[in-house]
Amino acid sequence: MPIYEYHCQQCGKDQSLLLLTRQEIATPPHCRYCGAPHLTRLLSRFAYHQSEASRLQEFDTRTPRDDSFYKDSRNVGLWAKKRAQELGVDLGPQFEETVEKARSGKILDEL
Ligand SMILES: [Zn+2]
């Protein structure tokens with residue numbers, strides 16, 4: 001769902017608006033607090049690429065993944081990292097290195 005963040009220049013309040021139609025998106029909305037038509041759209045958080053940290057946070061190790069999940073090389077090692085995090089295990093820099101190699105395919109050269 002497209003949720004946009006707006007800032008009201010008149011009363012200074014930030015607000016999130018769910019805009020469903022193209023027309024709603026094209027028409028600047030009015031402030032829900034003071035009714036002013038001077039809302040500035042803030043850069044949506046959805047505009048950012050998800051960082052590994054946030055992907056790790058949202059990753060649920062109990063949810064079964066199908067093969068397509070692992071076709072995204074960025075997801076390789078995510079499960080292990082998350083499990084380690086949940087168990088409070090520090091995998092150390094060597095693990096990071098192994099994951100990096102696995103993601104870039106370098107690990108295959110060494111086997
Ligand atoms: Zn306002």
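Which residue's side chain meets that of Glu 86 in a salt bridge? The partner is Arg 83, at 2.7 Å from N to O, where a salt bridge is a side-chain nitrogen of Lys or Arg within 4 Å of a carboxyl oxygen of Asp or Glu. The structure is a predicted model, in which local features need pLDDT of at least 70, side-chain atom pairs count only at pLDDT 80 or more, and totals for chains, interfaces and linings use all residues. Residues are numbered from 1 along each chain as its sequence is written, and side-chain values use heavy atoms, with hydrogens and water left out.

Glu 86 and Arg 83 both lie in helix H4, 3 residues apart, or about one turn of the helix; helices (H or I, at least four residues) and strands (E, at least two) are DSSP runs numbered from the N terminus. Glu 86 is partly exposed at 38% relative accessible area, and Arg 83 is partly exposed at 30%. Buried denotes under 20% relative accessible area, exposed over 50%, and partly exposed the range in between (1.4 Å probe, protein chains only).

The count of salt bridges comes to 3. Glu 96 pairs with Lys 81, with the closest N and O atoms 3.1 Å apart. This pair links distant parts of the chain, Glu 96 being in helix H5 and Lys 81 in helix H4, 15 residues apart. Lys 81 is buried at 8% relative accessibility, whereas Glu 96 is partly exposed at 39%. A salt bridge also joins the side chains of Asp 60 and Arg 62 (3.1 Å, N to O). Here Asp 60 is partly exposed at 26% and Arg 62 is exposed at 71%.

Helix H4 has Leu 78, Lys 81, Lys 82 and Ala 84 as its buried residues. These residues lie on the same side of H4 because they cover an arc of only 160° around the axis, the arc being that of the directions from the helix axis to the C-beta atoms. Their cover includes helices H2 (52-58), H3 (67-71) and H5 (92-104), with contact defined as heavy atoms within 4.5 Å. Just after H4, Gly 88 takes a positive phi of about 70°.

Elsewhere, the largest nonpolar core has 8 residues: Tyr 4, Tyr 6, Cys 8, Leu 17, Leu 19, Cys 31, Ala 36 and Leu 39. Strand S1 (residues 3-8) gives the most to this core, with 3 residues. Such a core is a set of buried Ala, Val, Leu, Ile, Met, Phe, Trp, Tyr and Cys residues joined through side-chain atoms within 4.5 Å. Tyr 4, found in strand S1, is buried at 15% relative accessible area.
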